[in-house]
Amino acid sequence: MSNTQESKIQAEYITKCSELIREKYTQAPSFFIQNAGCQMNSLQTETVAGIMKQIGYQVVDKEEAADVVIYNTCTVRENANQKIYGHLGHLKSIKKHKPEMKIVLFGCMMQEPEVIDKIQKDYGFVDLVFGTHNFHKFPELFFRSLNTNGQIIDIWKESDEIVEGMPADRKYSFKTGVNIMYGCNNFCSYCIVPYVRGREKSREPEDILREIKDLVADGVTEVMLLGQNVNSYGKTLEHPVTFASLLQQIEQIEGLRRIRFMTSHPKDLSDELIEVMAKSNKICHHLHLPMQSGSSRILKIMNRRYDKEKYLELVSKIRQAIPDISLTTDIIVGFPGETEEDFQDTLDVVNQVGFDTAFTFIYSKRTGTPAARMENQIPGDVVKDRFDRLLALVQEKGREASSRFLGTVQEILVEEESKEKGIYTGRTQYNLLVHFPGCKDLIGKYVKVKLDTCKGFYYFGSLAE
Ligand code: SAH
Ligand code: SF4
Ligand code: F3S
């Protein structure tokens, strides 16, 4: 169910907050915001930042200088949680000298009951806490918080509502992410996302198309469609739509030049999607296809619902249809019960596929998931050794794969000036980063660049026209 009425109510709270702020401050107050986790979290960070600016706050890049400090949290691995507790320890000492400072926490980590217990017990100085299901209530909650000195914690267990039409403060004017679905129904046995993000919900195609058309009218030419498993998009809608057909409709939007998407679950990647990608002029030839493990035995226990052979078959089918495709992946090392033989299967798939990039993770035990209850957890030193070996292979294969573009001319979308003055960066459709001598006017434009030197994971090039 989508709800535009709710966004109107929240817009009224934005106005109420700005009235309060104008009464309280003579100069614009400031906020600091930090994001963790996936691109879906980044989008929500942009929404909260957009709301804060509408209220009348200006952004600052140091916690110490801010009247409001906001963290959007992730909990996919334990180290993300540890970082937040670290930040809070630091904020406690700042707040001692600056009691007026407000601290706001939201996002996936807040959906865990033990985190909330800990915040109530040990972090009483945190002012406002909300979760993923009532994210759209931020203006209302913030208004309540401005009117009290006490701690407000509001966490919902579930919500079937999709709230449309929230504001956003986009990082780039020419490219952005667009959520096409929320939540996940897959319950991979190691993963906490379905517990903290709830069941899979797709946005109506009309809402997605309208948003992208508005974005294009506002200068956007590249969109990244986002969901935990975009290949199952549309299955839960009243009038089901496939992801491939959604892509075809998006492709029709005039002025839009590049379409990307993530994440694709291998079990749901259809022939129809491969066909649509192969024919399209706008869908980038880049596919992020998380494999997690190369061992069929481990994949089964992970509840991924494909095996080593199926994954390799899928890769060869995709490569046949789209020979220049760039493939990237996610891999977990040290899943409970993983043997050296299982790990060798992972190395074997990495060798055979030759991913352009692979994100490698050490398995992290997440309370509440089936894998956390498995007895045969792998000792840290064994995991570390496997992780190092995997990383070395991934880097070697990545260099090999991306060097295939050496000497070619590629179209890139220019993003920004790099750290080095006069050197600009952009991305090819394969998501490969290119540095080149350029000028400010090129930001947001598509230019042809000759890829002169391969620097491993990026290229140095020169303007070709
Ligand atoms: N929906 C996406 C993944 C989202 S989470 C998919 O299914 O592909 C991003 C990545 O984090 C996953 O692909 C996985 O590699 C990693 N991850 C998830 N849970 C993890 C855990 N408990 N320990 C280590 N890595 C994990
Ligand atoms: Fe987690 Fe699996 Fe869902 Fe991805 S598909 S978010 S790994 S449960
Ligand atoms: Fe993290 Fe939540 Fe994304 S747990 S990876 S921010 S969905």
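In which sense do strand 15 and strand 16 pair, and over how many bridges? In this predicted model, strand 15 (residues 326-333) runs parallel to strand 16, and six bridges join the two. One bridge links Thr328 to Thr357, the latter in strand 16.

Both strands belong to an open sheet of three strands, ordered 14-15-16, with parallel pairing. Strand 14 (286-288) and strand 16 (357-362) are the edge strands; each has a single partner, so one side of each lacks a neighbour in the sheet. From one strand to the next, the twist averages 10°. Helix 13 (residues 380-402) packs on this sheet and touches strand 15 and strand 16, its direction making about 175° with that of strand 16.

The second largest pocket holds about 810 Å³ of space. Its lining comprises 33 residues, of which Val163, Gly165, Met166, Tyr182 and Glu211 are the closest to the centre. Helix 2 (39-55), strand 8 (162-163), strand 9 (175-179) and helix 7 (205-217) each contribute at least two lining residues, and helix 7 provides the largest share, five residues.

The ligand shells and the pocket lining divide by class as follows.

| Site | Nonpolar | Polar | Charged |
|---|---|---|---|
| Shell around ligand 2 | seven residues | three residues | one residue |
| Shell around ligand 3 | four residues | four residues | one residue |

Among the residues around ligand 2 are Cys184, Cys188, Cys191, Gln228 and Arg304. Ligand 3 is surrounded by residues including Cys38, Cys74, Cys108, Arg197 and Gln228.

Methods: Residues are numbered from 1 along each chain as its sequence is written. Chains are lettered from A and ligands numbered from 1 in the order in which they are written. This is a predicted model: local features need pLDDT of at least 70, side-chain atom pairs count only at pLDDT 80 or more; totals for chains, interfaces and linings use all residues. Side-chain values use heavy atoms; hydrogens and water are left out. A residue is near a molecule or strand if one of its heavy atoms lies within 4 Å of it. Ala, Val, Leu, Ile, Met, Phe, Trp, Tyr, Cys and Pro count as nonpolar, Asp, Glu, Lys and Arg as charged, and the others, Gly among them, as polar. On a 1 Å grid over the protein atoms alone, a cavity is a set of points where a 1.4 Å probe fits but cannot get out, and a pocket is an open set with protein on both sides within 12 Å along at least five of seven lines; lining residues have an atom within 4 Å of a point. Grid points are joined across faces, edges and corners, and a volume is the space filled by probe spheres set on the points. Helices (H or I, at least four residues) and strands (E, at least two) are DSSP runs, numbered from the N terminus. Two strands pair if DSSP finds at least two bridges between them. Axes are lines fitted to C-alpha atoms, for helices over the stretch in contact, and angles run from 0 to 180 degrees between N-to-C directions. Contact means heavy atoms within 4.5 Å.
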